[in-house]
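Dear colleague,

Please find below the structure for your review. My notes on it follow, beginning with the ligand site.

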Amino acid sequence: MPDWQALERQYYMQTVKRLPVTLVRGQGTRVWDDKGKEYLDFVAGWAVTSLGHCHPVVIQALTEQAGTLIHTSNQFYTVPQIMLAELLVKHSCLDRVFLSNSGTEANEGAVKMARKYGKIYRNNAFEVITTMNSFHGRTLAMVAATGQANFQSPYVPMPAGFINVEYNQIEAIRRATSDNTCAIMIEVIQGEGGVNVASDEYLQEVRAWCDEKGLLLILDEVQTGVGRTGTMFGYEHSGIEPDIMTLAKGLGSGVPIGAILAKEKAAVLEPGEHGATFGGNALVSAAAYATVKYVLDNDILGNVCRMSDYMLVRLQELRAKYPLITDIRGRGLLMALQFRRDVAEDALMACLDKGLLVNRVKPNTLRLMPALTIGRDEVDRAMVILGQVMEDLQGP
Ligand SMILES: *Cc1c(COP(=O)(O)O)cnc(C)c1O
């Protein structure tokens, strides 16, 4: 068997600090490495494979579509793209859809829309207010939007037009708003930022502020959308509606797809002003349609809520037993476990050894984001492993 990891070090750009595991196969909530070792997957490709790995409805949609029509170009109408757009509109508060290839790209498009909106309705206003510790993607503009210095410093100067302010503090947004502001872009839960949940009150105040000042509210639901938090979209918990919402991660069960959804008034782009060669092509749209339809038709949201409640109870038990755990937070099946010390890396490696995949989101924080289809037995197995790992890390 080739030494894949040595070949990677030789040929691939070293932009990711990978874990020493080469995954070759997945099924439901389990994956296997090239040595045949099995892992329980509580990362799900960063909250992407929401129906688990290789779900039959996704395989069927992909194979049928691959044998029918994979790609045309967006000069032509294609059926899966239109079906997906209709489904997303009918089950959200938004009116129109544009499909892209990733979350970053969806956010870029959303900001372009906001700038055009500012040009038309707010006297050329172009600035977008975002929050510290956010994550909006990896293009230059989205790195500027992302309020984390470590993503920006290798690439300064940053594109202009973004202001990063404190999260969960309406006053910070009020202070940063000026005649130049066209939109506010936030996550309902900061995923990469450590699973920080926006309070309902904050989201309601941001909504009211946008209404008062004539700003667009862009919700980046790339990580929280499509059932992850127990509702179809994260905004539903707080009773507000965005003007623009972006989706990606859980939308297509692993195929590269992102989406911008907008209210009619915010959908200001005209023919020729935005596009994507691959965006929402027949193949990825078919996979996303199958994913969203399955979530809607099979009480997946109910499962997320039940498993979330159960996991929370089990995590609270661990916390009561191991004072090393200082905080448990999140919503639905997006949860974080924070420690007293910076032991997240050690905990992750110990979990890996015992056959559980988790994510180290901060030096002192693990993130758990299993498939939305996870069952009670699998939560139990993960909790047993986490318990053993806590026991070992707890120290004398
Ligand atoms: C992952 C993520 C992105 C970036 O999505 P990509 O598909 O990696 O481009 C943007 N926003 C949020 C909230 C994310 O979690």
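A residue is taken to be near a molecule if one of its heavy atoms lies within 4 Å of it. The model is a predicted one, and in it the ligand is surrounded by Ser102, Gly103, Thr104, Asn107, Phe135, His136, Glu187, Glu192, Asp220, Val222, Gln223 and Lys249.

**Ligand site**

By class, this shell holds 2 nonpolar, 6 polar and 4 charged residues. Helix 5 (residues 103-121) supplies the largest share of the shell, with 3 residues. For threonine 104, a polar side-chain atom lies 2.4 Å from an oxygen atom of the ligand. Aspartate 220 has a polar side-chain atom 2.7 Å from a ligand nitrogen atom, and glutamine 223 has one 2.8 Å from a ligand oxygen atom. On its own the ligand has 380 Å² of accessible area, of which the protein covers 83%.

**Aromatic rings and charges over rings**

The model contains 4 aromatic pairs. One of them joins tyrosine 167 and tyrosine 202 in an edge-to-face arrangement, with 5.8 Å from centre to centre and 70° between the planes. This pair links distant parts of the chain, since tyrosine 167 belongs to the loop between strand 6 (162-165) and helix 8 (170-176) and tyrosine 202 to helix 9 (residues 200-213), 35 residues apart. Tyrosine 167 and tyrosine 202 are both buried. Another pair, phenylalanine 233 with tyrosine 235, is stacked, at 6.0 Å centre to centre and 5° between the planes. Both phenylalanine 233 and tyrosine 235 are buried as well.

Two arginines are placed over aromatic rings. The charged end of arginine 18 sits over the ring of tyrosine 12, 5.1 Å from the ring centre. Arginine 25 lies over the face of tryptophan 32, 4.0 Å from the centre of that ring.

**Buried loop residues**

Threonine 146 is located in the loop between helix 6 (140-145) and helix 7 (149-152). Threonine 146 counts as buried because its relative accessibility is 0%. A polar atom of the threonine 146 side chain lies 2.8 Å from the backbone oxygen of methionine 142.

Leucine 324 occupies the loop between helix 11 (300-321) and strand 13 (325-331). With a relative accessibility of 4%, leucine 324 also counts as buried.

**Backbone geometry**

Most residues other than glycine have a negative phi, and most peptide bonds are trans. The peptide bond from valine 156 to proline 157 is cis, with omega near 5°; proline 157 lies in the loop between helix 7 and strand 6.

Valine 226, although not a glycine, has a positive phi of about 55°. Valine 226 is found in the loop between strand 10 (216-220) and strand 11 (244-247), and is buried, with a relative accessible area of 2%.

Aspartate 299 likewise has a positive phi, near 50°, in a residue other than glycine. Its loop runs between helix 10 (282-297) and helix 11. Aspartate 299 is partly exposed, with a relative accessible area of 45%.

With kind regards

Notes. Residues are numbered from 1 along each chain as its sequence is written. This is a predicted model: local features need pLDDT of at least 70, side-chain atom pairs count only at pLDDT 80 or more; totals for chains, interfaces and linings use all residues. Side-chain values use heavy atoms; hydrogens and water are left out. Rings of Phe, Tyr and Trp (its six-membered ring) pair if their centres lie within 6.5 Å; planes under 30 degrees apart count as stacked, over 60 as edge-to-face and the rest as tilted. Helices (H or I, at least four residues) and strands (E, at least two) are DSSP runs, numbered from the N terminus. Buried means under 20% relative accessible area, exposed over 50%, partly exposed in between (1.4 Å probe, protein chains only). A charge sits over a ring if NZ of Lys or CZ of Arg is within 6 Å of the ring centre and within 35 degrees of the ring normal. A polar contact is a pair of N or O atoms within 3.5 Å; within protein, one must be able to donate a hydrogen and the other to accept it, and residues adjacent in sequence count only if both atoms are side-chain atoms. Accessible areas come from the Shrake-Rupley method with a 1.4 Å probe; for residues, only the protein chains shown count as cover. Ala, Val, Leu, Ile, Met, Phe, Trp, Tyr, Cys and Pro count as nonpolar, Asp, Glu, Lys and Arg as charged, and the others, Gly among them, as polar.
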